[in-house]
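Here's a quick tour of one protein chain and a few of its contacts. Have a look at the fold before reading on.

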Amino acid sequence: MTRSAGQGDGLTALLTYARAGDTIVVHTLDRLGRNLREVLSLVHDLSERGIGVRSLADPLPINTTDAGMGRIAFLLPALFAEMERTFTAERATHARAVAESAGRHIAHAADKIEYARLLKAQGHTLGQVAAKTGIPKTSLHRYLTPQPAGDGS
């Protein structure tokens, strides 16, 4: 299996390690790819290798090792996750444009910034961190660049 540009080292290692009969368990399907196409492609490739995928937190119980409905059930949350990412990005872009036109700067939530720091520490690129957090790369540079210690004045 070839490595996708969006796959992190952990996912790549997992895909290399997995064998026929194994089931990969994820929190949500969107952890498997940046968009619906990547998720579908990966699940298809895994299925051909005899490897199932099970999602824990998606609204429908998903286990691609199940025949019939189990495979179909995984498509809906994957599609909804893709739509949510798209809509969230569109809403954020619109909010930024409105704020900028009014001369305001949008601050990002502390939990998102902390999540961005965690992703960066795990080796994700700025592009991957931006895609997962919705924080633009220019802001990520500001948040993730270590600040020199103050001189106390």
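Glu114 and Arg117 form a salt bridge, with their closest N and O atoms 3.5 Å apart. The term covers a side-chain nitrogen of Lys or Arg within 4 Å of a carboxyl oxygen of Asp or Glu. By this rule the count comes to one salt bridge. The two residues are about one helical turn from each other because they sit three residues apart in helix α4 (residues 110–121).

How open are the two partners? Glu114 has 47% relative accessibility, so Glu114 counts as partly exposed. Arg117 is at 38%, so Arg117 gets the partly exposed label too. For reference, buried means under 20% relative accessible area, exposed means over 50%, and partly exposed is in between (1.4 Å probe, protein chains only).

## Where the model comes from

This is a predicted model: local features need pLDDT of at least 70 and side-chain atom pairs count only at pLDDT 80 or more, while totals for chains, interfaces and linings use all residues. Residues are numbered from 1 along each chain as its sequence is written, and side-chain values use heavy atoms, with hydrogens and water left out.

## The overall layout

The protein chain has six helices and three strands. In sequence order, the pattern reads α-β-α-β-β-α-α-α-α. Helices (H or I, at least four residues) and strands (E, at least two) are DSSP runs, numbered from the N terminus. Of the chain's 153 residues, 31% count as buried.

Helix α1 (residues 9–17) has Leu11, Thr12 and Leu15 buried. They cover an arc of only 100° around the axis, which means they are on the same side of α1. That arc is the one spanned by the directions from the helix axis to the C-beta atoms. On the other side of α1, the exposed residues are Asp9, Gly10, Thr16 and Tyr17.

## Contacts across the sequence

Now for some pairs that are separated along the chain. Thr28 is in the loop between β1 (23–26) and α2 (36–48), and Thr28 counts as buried because its relative accessibility is 15%. Its C-alpha atom is 5.4 Å from that of Ser55, a residue 27 positions away along the chain.

Val39 belongs to helix α2. With a relative accessible area of 2%, Val39 is buried. Between Val39 and Glu82 there are 9.6 Å, C-alpha to C-alpha, and 43 residues in sequence. Back in helix α4 we find Lys112, which is partly exposed at 35% relative accessible area.

## A nonpolar patch and some rings

Leu79, Phe80, Met83 and Phe87 make a nonpolar surface patch of about 350 Å². Patches take residues with over 30% relative accessible area and no salt bridge, joining like charges within 9 Å and nonpolar side chains (Val, Leu, Ile, Met, Phe, Trp, Tyr) within 5 Å. The areas come from the Shrake-Rupley method with a 1.4 Å probe, and for residues only the protein chains shown count as cover. Leu79 is in helix α3 (residues 69–101), and Leu79 counts as partly exposed because its relative accessibility is 35%.

Over at Tyr143, the charged end of Arg142 sits over the ring, 5.1 Å from its centre. To qualify, NZ of Lys or CZ of Arg must be within 6 Å of the ring centre and within 35 degrees of the ring normal.
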